Amino acid sequence: MPKNKGKGGKNRKRGKNEADDDKRELVFKEDGQEYAQVTRMLGNGRCEAICVDGTKRLCHIRGKMHKKVWIAAGDIVLVGLRDYQDDKADVILKYMNDEARLLKAYGELPDTLRLNEGVDVDGPEEGDGDSDYIQFEDEDIDKI
């Protein structure tokens, strides 16, 4: 049997670079880039996002971020636009919640964009009536 010469397994490697996101500089968009809000995750390193310019694009999560930076629906991301495909883009950076609030305060994001809403980005609102709440009759309980 060979001796183990390593210093640990994959769980040790996972927590190796955790301290690098505590204080980072705010990155603004350049030409060829756009801010977007993720509407839904599609799997296979892809997501669907609505850009600030109003276009819905299919976004590819770059390999450097894949399985390291977790993106969920409702997150604000910076996408790189493609010259040859207008309906596709590449996710360059994910903004943390405080960074997204700063972008909105600086006027980079529109005021209509809702931050910290979670999964239901373009779904029904509270007063739309499409609720999953079911009201049951109480008279059947009294007969038992």
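Tutor: A residue counts as exposed over 50% relative accessible area, as buried under 20%, and as partly exposed in between. The model under discussion is a predicted one.

Student: With that cut-off, is Lys67 buried or exposed?

Tutor: Lys67 is exposed, because its relative accessible area is 64% and the cut-off for exposed is over 50%. The residue sits in the loop between β3 and β4.

Student: What is the phi of Lys67?

Tutor: The phi of Lys67 is near 65 degrees, which is a positive value in a residue other than glycine. Asn44 also has a positive phi, near 60 degrees, and is likewise not a glycine.

Student: Where is Asn44 found?

Tutor: Asn44 belongs to the loop between β1 and β2. These strands form a hairpin with two residues between them, and Asn44 takes its positive phi there. With 70% relative accessibility, Asn44 counts as exposed.

Student: How many bridges pair β1 with β2, and in which sense?

Tutor: There are six bridges, and the pairing is antiparallel. As one of the pairs, Arg40 has Glu48 in β2 as its bridge partner.

Student: Which way do β1 and β4 run, and how many bridges join them?

Tutor: β1 and β4 run antiparallel and are joined by five bridges. Glu34 has Val79 of β4 as its bridge partner.

Student: Val79 again, but for the core this time. Which residues of the largest nonpolar core touch the most other members?

Tutor: That core has 13 residues, and those touching the most other members are Ala36, Cys59, Ile71, Val77, Val79 and Val91. At least two core residues come from each of β1, β2 (46-51), β3 (56-61), β4 (76-81) and β5. The largest share is that of β2, with three residues.

Student: What does Cys59 contact, leaving aside its neighbours within four places in sequence?

Tutor: Its contacts are Gly45, Arg46, Cys47, Ala49, Val79, Ala89 and Val91.

Student: Cys47 is on that list. How many disulfides does the search of the whole structure find?

Tutor: The search finds zero disulfides. For Cys47, the nearest cysteine sulfur is that of Cys59, 4.7 Å away.

Student: Are Cys47 and Cys59 buried or exposed?

Tutor: Cys47 is buried at 0% relative accessible area, and Cys59 is buried at 1% relative accessibility.

Student: Changing topic: how many aromatic pairs are there?

Tutor: The count is two aromatic pairs. Phe28 and Tyr106 make a tilted pair, 5.9 Å from centre to centre with 55 degrees between the planes. Phe28 is in the loop between α1 (10-14) and β1 (33-43), while Tyr106 is in the loop between α2 (97-105) and α3 (139-142), so the pair ties together parts 78 residues apart in sequence. Phe28 is partly exposed at 35% relative accessibility, whereas Tyr106 is exposed at 54%.

Student: What about Tyr35 and Tyr95?

Tutor: Tyr35 and Tyr95 also form a tilted pair, with 6.0 Å between centres and 50 degrees between the planes. Tyr35 lies in strand β1 and Tyr95 in the loop between β5 (88-94) and α2, so this pair ties together parts 60 residues apart in sequence. Tyr35 and Tyr95 are both buried.

Student: Which core includes Tyr35?

Tutor: Tyr35 belongs to a second, separate core of eleven residues, whose members include Leu93, Ala100 and Leu115.

Note on methods
Residues numbered from 1 in each chain as written. Predicted model: local features only at pLDDT ≥ 70, side-chain atom pairs only at ≥ 80, totals over all residues. Heavy atoms only, no water. Disulfide = S-S within 2.5 Å. Buried < 20%, exposed > 50% of the residue type's maximum accessible area, 1.4 Å probe, protein only. Phe/Tyr/Trp six-rings, centres within 6.5 Å; stacked < 30°, edge-to-face > 60°. Helix = DSSP H or I, 4+ residues; strand = E, 2+ residues; numbered from the N terminus. Core = buried A, V, L, I, M, F, W, Y, C linked by side-chain atoms within 4.5 Å. Contact = heavy atoms within 4.5 Å. Pairing = 2+ DSSP bridges.
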